[in-house]
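Please open the structure in a viewer and keep the selection panel at hand.

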Amino acid sequence: MVYGVVRNFQAALKYRGGWKGLFEHMYTNGDYPFKFGTYMGCDGAGNRYYENRVDYPFGQHRWVEPGDIHNFDSASIPPEWHGWMTSMNDAPPAAEEDYIDDRKQNILPLCKSDANIDHNVGHQEEVYNFHHLHNLSTVRSRGFGIGNPIVGLPPGAKDSYYTQPGSPYNDASIRPRVNIGDLDEGKGGGRPYKSEKWADRLRTPEEKAALEKEMLGGVKAEIEVGNAAAARRKLAMAARGAGTVAGA
């Protein structure tokens, strides 16, 4: 057993180019016995991809070693490499052009075409992703305007994740604020409000007490007006003989 461990360390040191590469592999992947495979390519983020179909079972025969060992995120793996790692594609993206050139020989054109594309993959635009993160739902501020140091989003920067039309976080769907009044309108403005509930939150305790007193005074005045109207109706009914019984 000790001999096997020593031999594995020796092979890993040679394969990784020294102790630095070995410690980096232990820090990132944490695999033991240390993995050995064929280098298949890398992506724009510096992630390196390996394959070994002989020594490892299916599902463990392909793996990635991150380019940024301290801030690795699974969302930094491009879709084309993700498809290769999960065995959805046989050819790695580094050999994609050769694979397409080989396969398109079997395509029989049904008619003449003047298009400059002779395969079914079609034209592909280059996509830019913030810090090589392909899932932009993580590129958002951790608080209002403070940014996100985990993904490198600076303070005050706009969130990058997609929002559907109609979402309150979609700039095109945010309705402009419409105010219905201002508590300091006589003083030149300063406390605008968009609803009566909003205005109640802006009022000071003294203003609330004065408003309540004014409302109570208005209620008392309405009660007095109602009592006076009832008294006049009573007098009018009495003048017409209300309350008498016919034939009495």
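## A guided tour of the predicted model

Begin with strands E2 (residues 48–51) and E3, which run antiparallel and are joined by 4 bridges. The model in view is a predicted one.

**The whole chain.** Before going further, display the complete protein as a cartoon. It contains 6 helices and 5 strands. Followed from the N terminus, these elements come in the order α-α-β-β-β-α-α-β-β-α-α. Of the 248 residues in the protein, 21% are buried. The protein exposes about 18,900 Å², and carbon and sulfur atoms supply 56% of that area. Consider next the contacts between residues at least 6 apart in sequence: 28% of them join residues at least 24 apart.

**Strands E1 and E2.** Select residues 38–42, which form strand E1. Strand E1 is joined to E2 by 4 bridges, and the two run antiparallel. Which residue of E2 stands opposite Thr 38? Thr 38 faces Glu 51. Now select the hairpin of E1 and E2, where 5 residues lie between the strands. In this hairpin, Gly 46 adopts a positive phi near 90°.

**Strand E3.** Select residues 62–65, the extent of strand E3. Are the faces of this strand covered or open? Both faces are covered. Arg 62 and Val 64 lie on one side, Trp 63 and Glu 65 on the other, and all four are buried. Return to Glu 51 for a moment: its bridge partner in E3 is Arg 62.

Show the side chains of Glu 65 and Arg 48. They meet in a salt bridge, with 3.5 Å from N to O. This pair links distant parts of the chain, since Glu 65 belongs to strand E3 and Arg 48 to strand E2, 17 residues apart. Glu 65 has a relative accessible area of 4% and is therefore buried, the limit being under 20%. Arg 48, at 23% relative accessibility, counts as partly exposed.

Select Arg 53, which is placed in the loop between E2 and E3. Is Arg 53 buried or exposed? Arg 53 counts as exposed because its relative accessibility is 56%, and exposed means over 50%. Leaving aside residues up to four places away in sequence, Arg 53 touches His 61, Arg 62 and Asp 90. A distance may also be drawn from Arg 53 to Thr 38: the two are 15 residues apart in sequence, and their C-alpha atoms are 9.4 Å apart in space.

Glu 51 and Arg 53 meet in a salt bridge of 2.8 Å, N to O.

In total, the count of salt bridges comes to 6.

**A nonpolar patch.** Switch to a surface display and select Trp 19, Phe 23 and Met 26. They form a nonpolar patch on the surface, and together they have about 330 Å² of accessible area. Met 26 is placed in helix H2, which covers residues 19–28. Met 26 has a relative accessible area of 35%, so it is classed as partly exposed. In an α-helix there are 3.6 residues a turn, so residues three or four places apart point the same way.

**Helix H6.** Finish with residues 205–239, which make up helix H6. How far apart are the end C-alpha atoms of H6? They are 51 Å apart. At 1.5 Å a residue, the 35 residues of H6 should span 51 Å, so the two values agree. The number of buried residues among these 35 is 0, so H6 lies largely in the open.

Key. Residues are numbered from 1 along each chain as its sequence is written. This is a predicted model: local features need pLDDT of at least 70, side-chain atom pairs count only at pLDDT 80 or more; totals for chains, interfaces and linings use all residues. Side-chain values use heavy atoms; hydrogens and water are left out. Patches are made of residues with over 30% relative accessible area and no salt bridge: like charges are joined within 9 Å, nonpolar side chains (Val, Leu, Ile, Met, Phe, Trp, Tyr) within 5 Å. Accessible areas come from the Shrake-Rupley method with a 1.4 Å probe; for residues, only the protein chains shown count as cover. A salt bridge is a side-chain nitrogen of Lys or Arg within 4 Å of a carboxyl oxygen of Asp or Glu. Buried means under 20% relative accessible area, exposed over 50%, partly exposed in between (1.4 Å probe, protein chains only). The expected span of a helix is 1.5 Å times one less than its number of residues. Two strands pair if DSSP finds at least two bridges between them. Contact means heavy atoms within 4.5 Å.
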